[in-house]
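My entries follow the structure.

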Amino acid sequence: MAEAIKDWVVEKGLKPGDRLPGEAELIARFGMAKGTIREAMRILQAQGLVTTKTGPGGGSFVGEVSADRARALLGNYFFFKQVSIDDIYQLRIALEPELAASLAGRLTEEQLGALEAILELYAAPAADATEERDQHVASLRFHATLARFGSNALLAFFVDFMAGILTDLTVYQRLYAEPNLELWRQGRSHQIALIDALRRGDAEAARAIMHEHMTLARRLMEDQEAVVMKRFMQD
């Protein structure tokens, strides 16, 4: 029943915020019992696709699942899947160069400035493990922010989602505990070059820089993971 209501919403071209028919009208429209309609609406509400308001002007309305909620739900799915650094970078290498190329010459100075502001958060090598962790997270935020500037909603969502998973994995596995000067130097250099290519509108350069950046990051992060695991086994 919930799927039938979703299909009807799509057929009618309803948008987030549009009012849905009342319970009596839904019963008549779909020919189902009151309990079935109520349970279907509860399912849709739990999914974030229906919202309800009480009082004057209240009722049921078409809802919109936020990107944050979608990422959280998808993250729950992968919680027990034992996603590895290699799994993530296999996708990042395939997707992020295309995202970068698609944004060349399309970003505003304000958006480019936002990326440059993130770069300033790791303008110098980390002094200790805490700062190393914060720099790792900030560097991943650079990629998540870039993804949100994209016009391809599906591509942007998955790039952003992978940056979030990698952030959690980095912190959980304590990959920041061993300072990695090469990762900092090479990663920041690539991101500076990428911003320049984006500003110049050079799609091929942006694609190549991001591919090299992802390939290097994959190798260095896997090396970092190996060091952490070796230390863990020794402990």
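**Entry 1**

I began with Pro125, which counts as partly exposed at 39% relative accessibility. My cut-offs are these: buried means under 20% relative accessible area, exposed over 50%, and partly exposed in between, with a 1.4 Å probe and protein chains only. I note that this is a predicted model, where local features need pLDDT of at least 70, side-chain atom pairs count only at pLDDT 80 or more, and totals for chains, interfaces and linings use all residues. Residues are numbered from 1 along each chain as its sequence is written, and side-chain values use heavy atoms, with hydrogens and water left out.

I placed Pro125 in the loop between H6 and H7. Helices here (H or I, at least four residues) are DSSP runs, numbered from the N terminus. Next I listed contacts, meaning heavy atoms within 4.5 Å. Leaving aside neighbours within four places in sequence, Pro125 touches Glu131, Gln135, Leu181 and Trp184. I also checked the C-alpha separation of Pro125 and Trp184: 6.7 Å, with the two 59 residues apart along the chain.

**Entry 1: Gln135**

Is Gln135 buried or exposed? I found Gln135 buried, with a relative accessible area of 7%. Gln135 sits in helix H7. Beyond its neighbours within four places in sequence, Gln135 contacts Leu121, Tyr122, Ala124, Pro125, Ala126 and Trp184.

Two packed helices are described by the angle between their axes and the distance between the axes. Axes are lines fitted to C-alpha atoms, for helices over the stretch in contact, and angles run from 0 to 180 degrees between N-to-C directions.

How do H6 and H7 lie, and at what angle do they cross? I read that the axes of H6 (residues 109–119) and H7 (residues 129–148) come within 9 Å and cross at roughly 170°. That makes H6 roughly antiparallel to H7. On the H6 side I noted Leu115, Ile118 and Leu119, which meet Ala138, Arg141, Phe142, Thr145 and Leu146 in H7. By class, this H6 contact with H7 has 6 nonpolar, 1 polar and 1 charged residues. For classes, I count Ala, Val, Leu, Ile, Met, Phe, Trp, Tyr, Cys and Pro as nonpolar, Asp, Glu, Lys and Arg as charged, and the others, Gly among them, as polar.

I then turned to H7 and H9. Their axes are 12 Å apart and the packing angle is about 20°. H7 and H9 are therefore roughly parallel to each other. H7 passes H9 in a left-handed crossing. A crossing is left-handed if the near helix is turned anticlockwise from the far one by less than a right angle, and right-handed if clockwise. From H7, I listed Gln135, His136, Ser139, Phe142, His143 and Leu146; they meet Leu183, Trp184, Gln191, Leu194, Ile195 and Leu198 in H9. The H7 contact with H9 has 7 nonpolar, 5 polar and no charged residues.

**Entry 2: Cores**

A nonpolar core is a set of buried Ala, Val, Leu, Ile, Met, Phe, Trp, Tyr and Cys residues joined through side-chain atoms within 4.5 Å. Which residues have the most contacts inside the largest nonpolar core? I got Phe142, Leu146, Leu194 and Leu198, in a core of 41 residues. H5 (85–103), H6, H7, H8 (153–172), H9 (181–200) and H10 (203–234) each supply at least two residues of this core. H10 gives the largest share, 9 residues. Apart from this core lies another of 12 residues, including Ile5, Val9, Leu20 and Ile37.

I looked at H1 (residues 2–11) and H3 (residues 34–46), which pack at about 70° with axes 8 Å apart. That makes H1 roughly perpendicular to H3. H1 passes H3 in a right-handed crossing. Ala2, Ile5 and Lys6 of H1 make the contact with Ala40, Met41, Ile43 and Leu44 of H3.

Glu23 lies in helix H2 (residues 23–30). I have Glu23 as partly exposed, with a relative accessible area of 29%.

Methods
Angles under 35 degrees count as roughly parallel, over 145 as roughly antiparallel, 65 to 115 as roughly perpendicular and the rest as oblique.
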